[in-house]
Amino acid sequence: MTFNMNMTTIVMQRQLHSYFATPIAYVFILMFLVLSGVFSFYLGHFYEKGQADLSAFFNFHPWLYLFFMPAIAMGLWAPERQMGTIELLMTLPIGQANAVIGKFLAAWLFAGLALVLTFPMWITVSYLGAPDNGVIAAGYIGSWLMAGSFLAIGSCMSVCSKNQIVAFIFTVVVCFIFMVSGVPMVLDSFAWAPQSMIDFIAGLSFLTRFDAIARGVLDLRDITYFLAMMALWLYLTQVMLQRNKAK
Amino acid sequence: MIRVQNLTKRFDLFTAVNNLSFDVSPGEVLGFLGPNGAGKSTTMKMITGFIEPSQGHVSVCDINVSQNPQAAQEIMGYLPEGAPAYGEMTVMAFLHFIAKVRGLNGEEREKRLASVIKQVELESVLNKPIETLSKGFARRVGLAQAIMHDPKVLVLDEPTDGLDPNQKHQVRELIKGLAKDKIVIISTHILEEVSAVCSRALIISEGKLLLDGKPDELERQSRHHNAICLQLANEYDDMQQQLASITDIESVELAAKIEDRTFMLFPKEGQMLLPEVVRWLDDKQWAVENIHLEKGRLDDVFRQVTRAHSL
């Protein structure tokens, strides 16, 4: 199946259209902005830290995304299966890969929009001090890449179920596993395993990867990791689509 | 040309389509007939590349659907069962989406949209969300979507389901208007539809092909073929017994209530009854209200074939 930018764009536009067809998208973005603010100021002690950076803001992104990204992704495929429109979509000459990528891009852009709308945080920190804008840009890019990984997992879970809520829950569970795989508590329980395996498990963790990014270190390996996660889960989405077709 | 070869689809233990083979040529309007669950929709889903066959294959204009679904889908228009569409979109936005997917651009797209909208009479609902439409309009949106790119091959799963008689007539006219050099496959369980639009009918039951022929050929297999429906104007003694004594009559059945004085006269194998019956009635001086020759009934054949099969 060949990648076709044009088809991908058409699918993406339609998906974005359906995101914004109801007020839910606006409520969703508003919630995201409010919560990210609350987390940075109250839990992250943005003021008390007295640092001219956004680490207080970025540090909570993995936890925010754990619930927000599955909610964006659950609607990618599950309702299509529920309403039967998947039969229409899959019999139009779009191609599975283009449909998978187009839908994912719509979700990723939507997440990107929510992220961009947090710009008052950047204005605030710039007003209060002289932050390193490179670090902040790296944080935003890293955060968006991580959002993409969450969404790609959500895309795959959404194609596995007709029920959005089921898709949501499974996505939260899988994302949670990928988040905590780097924390000492989890790694300690693998104490019996060889060091290479422990390193591998730790390497899978969103938290470990994003920790560095939030501090402004945008390592090529971390970028590659998030891009690879997206590619893998989108590929799995297509595998599941093909499996549904042959079932 | 569509070629379906040894097509089989199994779902776990259930065989939905069982070794089905047939060809369809351009210009043919093929009617899929069969009871619910006969495998009509499943067959259509395989022709259009929505599901993979367990065995066998389908080619559309020499393109193997399993190997190259996208190329096959480009030349097909498909109305899935229930006419699914994105409910939150307006009719116009939805049709624009379809037109874009079908590769129509600029002025060509606008022209084609206008013509399709006119053909299925959607003008009055263009700006309404599809989920607010009546069943009839929703079905017509599905049809508009299927014919958007003027496809060579049109696959319609129950195109007239949920439409009122006027809309049914309109959709049938539309299909007839299309058919000239195209391949059209429709599924239905409305038998009059087959006589009305199809040039050929396949009767399927439990996934197997039971009969394949022109609608009038199928009708000829009906026990009502060449039977005479007779309504007498007055009451006479022992009407049924007397009628049964006419030469070449196999049996006489009451076609309605006795007060209606309507009988169905069945001929012996291969006999033409009409001249003999007319002569006989003339001799007897029986007054006739109505008499006509039956062409045969598709629903007879349908029931005969599908029942015999499921027993």
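What follows is a chat about a predicted model with chains A and B.

Biologist: Let's start with the open sheet in chain B. What's the strand order?

Modeller: This is a predicted model, to be clear. The open sheet in chain B has six strands in the order 6-7-8-3-9-10, and the pairing is mixed.

Biologist: Which strands stand at the edges, and why is one side of each left without a neighbour?

Modeller: Strand 6 (76-79) and strand 10 (208-213) of chain B. Each has a single partner strand, so one side of each has no neighbour in the sheet.

Biologist: And by how much are neighbouring strands turned against each other?

Modeller: By 15° on average, direction ignored.

Biologist: OK, which helix packs on that sheet?

Modeller: Helix 5 of chain B, residues 135-147. It touches strand 6 and strand 7 (153-157) of chain B, and its direction makes about 170° with that of strand 6.

Biologist: In what sense does strand 9 pair with strand 10 in chain B?

Modeller: Antiparallel, over five bridges, with strand 9 of chain B spanning residues 200-205. Among the bridge partners, Ala201(B) goes with Gly213(B), and Leu202(B) goes with Asp212(B).

Biologist: What about the hairpin of those two strands, how many residues lie between them?

Modeller: Two residues, and Glu206(B) in that hairpin takes a positive phi near 45°.

Biologist: And strand 3 of chain B: parallel or antiparallel to strand 9?

Modeller: Parallel; four bridges join strand 3 (residues 29-33) to strand 9 of chain B. Leu30(B) is the residue standing opposite Arg200(B) in strand 9.

Biologist: Switching topic. How many residues of chain A are in contact with chain B?

Modeller: 19 residues of chain A, and they meet 21 residues of chain B.

Biologist: Which elements of chain A give two or more residues to that side?

Modeller: Helix 1 (5-19), helix 7 (85-91) and helix 15 (220-246) of chain A. Helix 7 of chain A has the largest share, with five residues.

Biologist: How do the residues on the chain A side divide into nonpolar, polar and charged?

Modeller: Nine are nonpolar, seven are polar and three are charged.

Biologist: Cores next. Which residues touch the most other members in the largest one?

Modeller: Ala107(A), Ala111(A), Leu151(A), Phe94(B) and Val141(B), out of 143 residues in that core. Helix 10 (residues 133-160) of chain A gives the largest share of this core, 15 residues.

Biologist: What is Ala107(A) in contact with, leaving aside neighbours within four places in sequence?

Modeller: Ile72(A), Ala73(A), Leu76(A) and Leu151(A). There is also a second, separate core of 10 residues, which includes Ile228(B), Leu243(B), Ile249(B) and Val252(B).

Biologist: Last one: where is Arg223(B) found?

Modeller: In the loop between helix 8 (215-220) and strand 11 (228-232) of chain B.

Biologist: Why does Arg223(B) count as partly exposed?

Modeller: Because Arg223(B) has 16 other C-beta atoms within 10 Å, and partly exposed lies between 12 or fewer for exposed and 20 or more for buried. Leaving aside neighbours within four places in sequence, Arg223(B) is in contact with Phe266(B) and Asp300(B).

Technical notes. Residues are numbered from 1 along each chain as its sequence is written. Chains are lettered from A and ligands numbered from 1 in the order in which they are written. This is a predicted model: local features need pLDDT of at least 70, side-chain atom pairs count only at pLDDT 80 or more; totals for chains, interfaces and linings use all residues. Two strands pair if DSSP finds at least two bridges between them. Axes are lines fitted to C-alpha atoms, for helices over the stretch in contact, and angles run from 0 to 180 degrees between N-to-C directions. Two residues are in contact if their C-beta atoms, placed from the backbone, lie within 7 Å. Ala, Val, Leu, Ile, Met, Phe, Trp, Tyr, Cys and Pro count as nonpolar, Asp, Glu, Lys and Arg as charged, and the others, Gly among them, as polar. A nonpolar core is a set of buried Ala, Val, Leu, Ile, Met, Phe, Trp, Tyr and Cys residues joined through C-beta atoms within 7 Å.
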